[in-house]
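Visitor: I would like to learn how to read charged side chains and surface features in a model. Please take me through some cases.

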Amino acid sequence: MNASNNSSLSAVDQARQAAQWQRNKPSIYVDVGLGLFFFVCAKFTDLTTAALLGAAAGLCVYLAQRYVKVDLIGGLAMFGVAMLLVSAGFSLIFQDDWAVKMKGTILGLLTATLFLGDGLINRGRYFGRRLARYVMEPVVEQRLAIGLGLLGATMALLNWGVAKVFSTDVWLAYTTFGDIALSMLLFFAVLRFARA
């Protein structure tokens, strides 16, 4: 009887995870597509132009969302669109490739501060609770917020280091491919830390 309950629970969890993947898949594809678009634009132009074109592409996706039923700008893709808009803002204000590179560091530290504040002061009841909805397993909201804050700070400092030490081409490849892979690995460590 107990084994039967465990297998049915497993089937329920698998069905829930499959449904969650189907719901989030379009927005993940959009986010990856916007990142690749920025990468290609930056290879053929400069970072300032790529940031402006990326912001225009993000706004087009945002407008397209009004006319399609599929969720194109779920939490992840909306974050990508917001980052492209911030890059464009940095480009217009500073007219400098270094400012575009530092966008990830500045926003990463700002985000890390918000998540750490929520986790340490508010016990994860704001950001931690909202992001826990996207996680496919039970997590402790406070630990999730703290873990994501530490993740944001780590990625921000790594972005600064790569931008400072390496060429623009290396930084561009890192932010398009390496940053995503590394943050995903660290995100799984955060989930393990936050697991209920």
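Predicted model: local features only at pLDDT ≥ 70, side-chain atom pairs only at ≥ 80, totals over all residues.

Visitor: How many salt bridges does the count come to?

Guide: Side chains of opposite charge can pair when their charged atoms come close. Here the count comes to one salt bridge. The side chains of Lys43 and Asp169 form it, with 3.7 Å from N to O. Lys43 belongs to helix H1 and Asp169 to helix H7 (residues 168-194), so the pair ties together parts that are 126 residues apart in sequence.

Visitor: What is the relative accessible area of Lys43, and what is that of Asp169?

Guide: Lys43 has 42% and is partly exposed. Asp169 has 49% and is partly exposed.

Visitor: Is Asp118 buried or exposed?

Guide: Asp118, in helix H4 (residues 97-121), is buried and has no salt bridge. The nearest side chain of opposite charge is that of Arg125, 6.9 Å away. A salt bridge needs the side-chain nitrogen within 4 Å of a carboxyl oxygen.

Visitor: What lies 2.9 Å from a polar atom of the Asp118 side chain?

Guide: The backbone nitrogen of Phe127 does. Beyond its neighbours within four places in sequence, Asp118 also has contacts that include Gly124, Tyr126 and Ala145.

Visitor: Which residues make the nonpolar surface patch?

Guide: Trp21, Tyr29 and Met136 make a patch of about 310 Å². Tyr29 lies in helix H1 (residues 2-44). Tyr29 counts as exposed because its relative accessibility is 53%, and the cut-off for exposed is over 50%.

Notes: Residues numbered from 1 in each chain as written. Heavy atoms only, no water. Helix = DSSP H or I, 4+ residues; strand = E, 2+ residues; numbered from the N terminus. Buried < 20%, exposed > 50% of the residue type's maximum accessible area, 1.4 Å probe, protein only. Lys, Arg positive; Asp, Glu negative; His and termini not counted. Polar contact = N/O pair within 3.5 Å; in protein donor to acceptor, adjacent residues only side chain to side chain. Contact = heavy atoms within 4.5 Å. Patch = residues over 30% accessible without salt bridge, like charges linked within 9 Å, V, L, I, M, F, W, Y side chains within 5 Å. Areas by Shrake-Rupley, 256 points an atom, 1.4 Å probe, with all protein chains shown as cover.
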